[in-house]
Amino acid sequence: MLQIFLVTVPFFALIAAGYAAARSGALPLAAIPGLNVFVLYFALPCMLFRFGAGAPIDQLLDGAVALIWGVSALIVVGATVALSRNERIGWNDAAFGALVAAFPNTGFMGVPLLVAILGAQAASPTIISIAFDMIVTSSLCIFLSRLDGADEHGAAKAVRQALRGILQNPMPWAILLGAAASASRLSLPGPVDRTVTMLAEAASPVALFTIGAVLARSALLAREHRASAVVAEAMGGATSPTRQAPLRDVLPVVAIKLVAHPLLVYGVAKGAMAMGLPLERQALVTIVLVAALPSASNVSMLAERFGADNGRVARIILWTTVAAFFTFPLAVGWLQ
C-alpha cells in the first residue's frame with residue numbers, strides 16, 4: 001500500500017497545488033481558461049495520439065473492453081437518474097448528476113496515472129473508455145437532460161449540440177489518428193515527433209494542476225454567489241437562485257462514482273468472462289481502476305452550458321477528487 005501511495009501522491013499533490021494557487025489568487029481566475037485550452041487542444045491530444053500510435057491496433061479495437069465499459073456506464077446513468085429524480089431534481093439536473101457519476105476524469109488524470117501504476121499496456125483500455133464516454137455517455141446524458149422541457153427547442157437541439165461537441169473535441173480525433181498510425185505503422189518525421197512528444201509530456205502535470213484550479217474557481221464562484229444572495233436579501237431585493245446543493249443530493253452520487261461504479265465494472269466483467277467473453281486480467285484491472293477515478297472536471301462546464309445545477313455538479317467533482325486520494329489506492333491494493 002505504501003508503494004501505491006508513493007505513486008499516487010504526486011498526482012494528487014499537483015491537483016492540490018492548482019487548487020491552492022487559484023484559491024490564494026496567485027493564479028488569476030482569468031488564466032484558467034487558457035490552461036484548459038492548452039491541455040484540451042494541444043497537450044492531451046498529443047499524449048493520446050502517442051499512446052494510440054504506440055499500442056497494437058488489436059488492443060485499441062478490443063470489443064470486450066468496449067462492451068463491458070459501455071454496459072456498466074449505461075447502468076450507472078440509468079440508476080443514477082432513477083435514484084436522483086424527485087421534487088427538487090428534474091431531468092436536467094438528474095442527467096448531469098448521472099454524467100458526473102459515470103464519466104471518470106480519464107483524460108486529465110486517468111491516462112498518466114494508470115500508465116504510471118500499470119505500465120504502457122494500460123493505455124489501450126483507458127483510451128477505449130475515453131472514446132465511449134465522450135461519444136456515447138455524454139450524448140445520452142445531454143439528451144436525457146432535455147426531457148423535462150428545460151430547453152424550448154427540446155431534445156433535437158440537444159442531439160445536434162452533442163454531435164457538434166463530439167466533432168469539435170480534439171480528443172476523439174487524436175485517438176482516431178493514433179489508431180490509424182498504429183494500424184499503418186507510420187511514424188512522424190523527426191522534428192514533428194519531438195514537438196508532439198514535448199507537448200505530450202506537458203499534458204499530465206498541466207492537466208492535474210488545471211483540475212485543482214478549476215475546482216478552486218468553482219468554490220470561489222459559489223461563495224461569491226452566496227454572498228451576493230445575502231446582500232440582496234438584506235437590502236430587500238430579489239435573492240439569487242444560486243444555492244449550495246444539500247448533502248443528500250451530493251453524497252449518493254459521490255458513493256456511486258467511487259464505490260458502485262468500480263464494483264459494477266468488476267461484476268459485469270466477471271459475468272462476461274464467465275459467459276466466455278475474452279478479457280485479459282490486465283484489461284480488467286485497468287477498466288476497474290478507470291471507474292474508481294474521480295469525476296471528470298469538464299462535466300461542470302457542460303452542466304453550466306445546459307442550465308443544470310452547476311453548484312451540485314461542481315461539489316460532486318470536488319468531493320470525489322478529495323475522497324479518491326484515499327479510495328483509489330485502496331482500489332489498486334484490492335486488485336493487485
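Residues are numbered from 1 along each chain as its sequence is written, and side-chain values use heavy atoms, leaving out hydrogens and water. Since this is a prediction, local features need pLDDT of at least 70 and side-chain atom pairs pLDDT 80 or more, while totals for chains, interfaces and linings use all residues.

Helices here are DSSP runs of H or I, at least four residues, numbered from the N terminus. Buried means under 20% relative accessible area and exposed over 50%, with partly exposed in between (1.4 Å probe, protein chains only).

Not counting residues up to four places away in sequence, Thr 106 touches Val 111, Thr 126, Ser 129, Ile 130, Val 290 and Leu 293; contact means heavy atoms within 4.5 Å. Ser 24 sits 192 residues from Ala 216 in sequence, yet their C-alpha atoms are 9.2 Å apart.

Now the cores: a nonpolar core is a set of buried Ala, Val, Leu, Ile, Met, Phe, Trp, Tyr and Cys residues joined through side-chain atoms within 4.5 Å. The largest has 96 residues, and among those with the most contacts inside it are Leu 48, Phe 96 and Val 299. Helix α7 (residues 123-145) gives the most to this core, with 9 residues. A second, separate core of 7 residues includes Ala 21, Ala 22, Ala 213 and Val 214. Val 299, leaving aside neighbours within four places in sequence, is in contact with Phe 96, Leu 99, Val 100, Phe 103 and Val 313.

Note on methods: Helices (H or I, at least four residues) and strands (E, at least two) are DSSP runs, numbered from the N terminus.
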